[in-house]
Amino acid sequence: MEDPRRRIPRTDVLAALEPVRAAERSLGRTVVRGMIRGVQETARRGEIAPEAVEQRLLELLAGRRPSSLRPVLNATGVVIHTNLGRAPLAESAVRALTEAGGYVDVEMDLTTGSRARRGEAARAALLQRCPAAEDALVVNNGAAALVLATTALAGDAEVVVSRGELIEIGAGFRLPDLIASTGARLREVGTTNRTHLSDYSAALGPRTGCLLKVHPSNFRVEGFTAEVEVAELSGLAASHGAPLVVDIGSGLFDADPLLPEEPDFDAVLRAGADVVIASGDKLLGGPQAGIVLGRAEAVAQLARHPLARAVRADKLTLAALEATLHADETPVGTALHVSRDDLLRRSERLARALDVTVVEHDGRVGGGGGAGVPLPGVAAALPEAAAAPLRTGDPAVLPRLTDGWCLIDLRCVPEDRDDEVLSAARTALEAIR
Ligand SMILES: *Cc1c(COP(=O)(O)O)cnc(C)c1O
């Protein structure tokens, strides 16, 4: 009898199929050839019939994206979810990003044909949003902005900072290590819970490079505490001729009544900071970026430093950031400010269709700031076992696991995608029945 394995379609036959050739153009030859070999191998092991090879291959190709990063519907209620890529971009920012994928005039003045300042449009948009700033610079991320600012302004002199602000920013990265990594020396002042103006002034002297104030975005100190406000600190800094750098973390341009403890760029600059830095992908709701705003000569000092070249923002970031700054609304803003009534109406519809209950559930700002601020809302409560099929379904839905329940919080789900969540939840419930 003939060996059935001889009937497995050959590679050149499969590769010649039109859908396979189209897939090669979008996914690349190496990926597609690897998938062909994989399917042939499953047939060789007898797991599928040789006749099924072609169809299996076409199915796999249809589901394959150019990037293996899978889009996820965030049903956790955590707005800035670091593990899910922080801020989802506004539609206009996504469009800007896509268009910037080709050749763009990022460093070129097309009228004169001569070289222009990189990212001029993003810079102009930043200055428009922050009237108190004289100049702006965009780098790769918040941590890079912090390192660049302290390195350029302090060199190997001392960076004076309160012990209450020596934070770990996530994944084991600590601010003091970050600053010390380029040769600047930290001069810690005060204590964990209380730091006074006199602590700073006692530390200032000929070895001072700059003063640094860091907003504790991810924790709160309560009880017997004291910190020195930017306005007081800036007076002290100015009288010693030392620049004051303030890391506000979250990147708000306008004060948000929902998050009264989150500082904004304009207020901090008006209070006398020389340089203010923040991330682009937290409360601003834009791409990963480090935003620097401040006095002209201080920002120019950062831009001139050799390290600036190593942390410069790419054209995709600049494009998406500019679009974000001009957007009327971002998905982050929408998720933060969604009303409880809207959330209740959407959740009840979901829960009715699934025959589950709606429970009270507070959303969170997440890694972007507003530590400890609850965002009152509701969620649909499914059995805990539904979480795994939800995560691996299509579309993937990430729920919140708490107290033995799998909660679906629609706060961060665009309303026009509620039906997708519903059908994913249905499938998940069927899978565990
Ligand atoms: C998030 C954060 C950083 C780090 O910013 P990235 O953009 O994640 O590099 C630095 N400082 C503070 C206060 C932050 O909140």
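## Salt bridges and pockets: worked exercises

Asp266 is buried, with a relative accessible area of 12%, where buried means under 20%, exposed over 50% and partly exposed in between, for a 1.4 Å probe and protein chains only. The model is predicted, so that local features need pLDDT of at least 70 and side-chain atom pairs count only at pLDDT 80 or more, while totals for chains, interfaces and linings use all residues. Residues are numbered from 1 along each chain as its sequence is written, and side-chain values use heavy atoms, with hydrogens and water left out.

**Exercise 1.** Decide which parts of the chain are tied together by the salt bridge between Asp135 and Arg123, and which by the one between Arg207 and Glu158.

*Solution.* In the salt bridge between Asp135 and Arg123, the closest N and O atoms are 2.7 Å apart. Asp135 belongs to strand E5 (residues 135-139) and Arg123 to helix H6 (residues 120-129), so the contact ties together parts twelve residues apart in sequence. Both ends are buried, Asp135 at 10% relative accessibility and Arg123 at 18%.

For the second pair, the closest N and O atoms of Arg207 and Glu158 are 3.3 Å apart. This pair links distant parts of the chain, 49 residues apart, with Arg207 in the loop between helix H9 (197-203) and strand E10 (208-214) and Glu158 in strand E6 (residues 158-162). Arg207 is partly exposed at 48%, while Glu158 is buried at 8%.

To set these pairs in context, a search of the whole structure finds 32 salt bridges, and Glu107, Arg115, Arg118 and Arg312 are linked in a network of such contacts.

**Exercise 2.** Describe the lining of the largest pocket and the elements that contribute to it.

*Solution.* The largest pocket holds about 1,400 Å³ of space. Its lining has 47 residues, with Val72, Ala87, Pro88, Leu89 and Pro331 nearest the centre. Two or more lining residues come from each of strand E1 (72-75), helix H5 (91-99), helix H14 (315-326) and helix H15 (331-337). A pocket here is an open set of points on a 1 Å grid over the protein atoms alone, with protein on both sides within 12 Å along at least five of seven lines, and lining residues have an atom within 4 Å of a point; a volume is the space filled by probe spheres set on points joined across faces, edges and corners.

**Exercise 3.** Identify what surrounds the centre of the second largest pocket and which element supplies the largest share of its lining.

*Solution.* Of the 37 residues lining the second largest pocket, Lys213, His215, Pro216, Glu227 and Glu261 lie nearest its centre, and the volume is about 740 Å³. E10, helix H10 (230-239), strand E11 (244-249) and H11 each give at least two lining residues, with the largest share, three residues, coming from E11.

Terms used
A salt bridge is a side-chain nitrogen of Lys or Arg within 4 Å of a carboxyl oxygen of Asp or Glu. Helices (H or I, at least four residues) and strands (E, at least two) are DSSP runs, numbered from the N terminus. On a 1 Å grid over the protein atoms alone, a cavity is a set of points where a 1.4 Å probe fits but cannot get out, and a pocket is an open set with protein on both sides within 12 Å along at least five of seven lines; lining residues have an atom within 4 Å of a point.
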